[in-house]
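This report covers the domains of a protein and the surroundings of its ligand.

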Amino acid sequence: MAWEVRPTTNVEEFVDAVGAISHYFGSARDAERAERFSRVLPLERMHAAFDGGRVVGGTGAFPFQFSVPGAVVPCGGVTVVGVLPTHRRRRVLTEMMRTQLEDIHDRGEPIAALWASEEVIYRRFGYGFASFTGEICLDRGYATLREPQDPAARGRLVTLEEARELVPPIYDRVRVRTPGMFERTQEWWQLRNLDDPPDRRNGGGVKNAVLMEIDGEPAGYALYRLNLKWESGSSIGHTEVIEAIADGTIATQELWRLLLEMDWMATIRAHLLPVDHPLFHMLRYPRRMKMRLSDGLWVR
Ligand SMILES: CC(C)(COP(=O)(O)OP(=O)(O)OC[C@H]1O[C@@H](n2cnc3c(N)ncnc32)[C@H](O)[C@@H]1OP(=O)(O)O)[C@@H](O)C(=O)NCCC(=O)NCCS
């Protein structure tokens with residue numbers, strides 16, 4: 001059976017199309033959240049699959065400016081791909097992928113990129129495995145850097161609102177020379193990185209932002225949460241590094257020192273790290289990061 005697949009034309013369709021993947025997150029239909037999401041994913045970039053007028057699947061493509069070796073190019077950032085359980089394995093995804101790739105091609109975007117929920121899904125649609133990604137869980141007792149603290153470095157906690165001005169220029173300096181990173185609009189920063197709705201804290205503390213200045217100039221930043229927990233009188237809590245980005249070796253080293261040496265935390269966890277992360281060279285016990293590799297970006 002050939003399914004009707006086309007871009008969404010109104011918020012109702014958009015909410016239903018995003019709802020296909022939300023089903024697997026266990027989320028109720030949330031029109032308000034989906035409407036917010038449509039500010040970073042335009043309606044016409046969200047495809048829906050219909051079965052007799054009812055939406056049964058969806059796939060979106062963010063209009064990204066994406067760094068590749070030596071250039072920044074337009075890219076379809078594929079996202080929120082889902083097919084309702086009532087219609088799985090009946091080629092709904094196949095039909096959606098075909099229509100979406102044609103659309104990406106017609107828009108003159110030379111590449112499409114995505115993070116896959118499962119590694120078996122996208123190869124058949126021409127996507128290739130383009131990067132590894134690393135996840136670490138470092139015992140605080142081994143979180144020691146080889147070099148002493150640099151006197152030029154100063155950390156400064158800022159509010160998420162202050163971060164909106166201070167953080168994007170640092171991100172952009174690193175982003176343009178780092179393949180796989182993409183431009184974030186003001187809206188993206190606000191809605192996806194520098195907000196902190198309580199229902200997305202997963203039981204952890206508030207989202208914090210810290211700026212690392214070198215000789216008084218902003219050179220790095222991190223977003224992190226503290227997850228405090230005690231057992232038998234001792235802390236088993238962890239620092240969750242959401243994002244730590246720095247321009248230059250000293251800024252990287254001092255930013256991570258601040259994150260690694262957080263009092264009361266027993267472990268430091270971070271994910272989405274590049275496989276050649278400088279921490280390997282900076283830590284006294286780099287093996288103790290226990291870096292676990294996985295497939296990262298898939299690109300077509
Ligand atoms: C993954 C998902 C989108 C697949 O949709 P679908 O409509 O069932 O896929 P199709 O029927 O078009 O499948 C096409 C082929 O891919 C295979 N396939 C699809 N999803 C697969 C999966 N998760 N694991 C293994 N094979 C899969 C199918 O078996 C089929 O193989 P065939 O050509 O050899 O028969 C759907 O199962 C889903 O929504 N899963 C939960 C959310 C999710 O993981 N989304 C992806 C986010 S990145």
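How many residues of domain 1 are in contact with domain 2? In this predicted model, with local features needing pLDDT of at least 70, side-chain atom pairs pLDDT 80 or more, and totals for chains, interfaces and linings using all residues, 16 residues of domain 1 contact 17 residues of domain 2 (contact: heavy atoms within 4.5 Å). Residues are numbered from 1 along each chain as its sequence is written, and side-chain values use heavy atoms, without hydrogens and water.

Domain 1 spans 4-129 and domain 2 spans 133-295, with bounds from an automatic or database domain assignment. Their centres, taken over C-alpha atoms, are 30 Å apart. About 1,400 Å² is buried between the two domains, and carbon and sulfur atoms give 66% of that area (accessible area, 1.4 Å probe, lost on putting two parts together, summed over both).

Around the ligand there are 18 residues; Val-81, Arg-89, Arg-91, Thr-94 and Ser-117 come nearest (near: a heavy atom within 4 Å).

| Residue | Part | Distance to ligand oxygen |
|---|---|---|
| Arg-89 | backbone N or O | 2.5 Å |
| Arg-91 | side-chain N or O | 2.7 Å |
| Ser-117 | polar side-chain atom | 2.7 Å |

Taken alone the ligand exposes 890 Å², and the protein buries 76% of that (Shrake-Rupley method, 1.4 Å probe). β4 (71-83) and α3 (92-106) each supply at least two shell residues (DSSP runs, helices of at least four residues and strands of at least two, numbered from the N terminus).

Definitions and conventions:
Polar contact = N/O pair within 3.5 Å; in protein donor to acceptor, adjacent residues only side chain to side chain.
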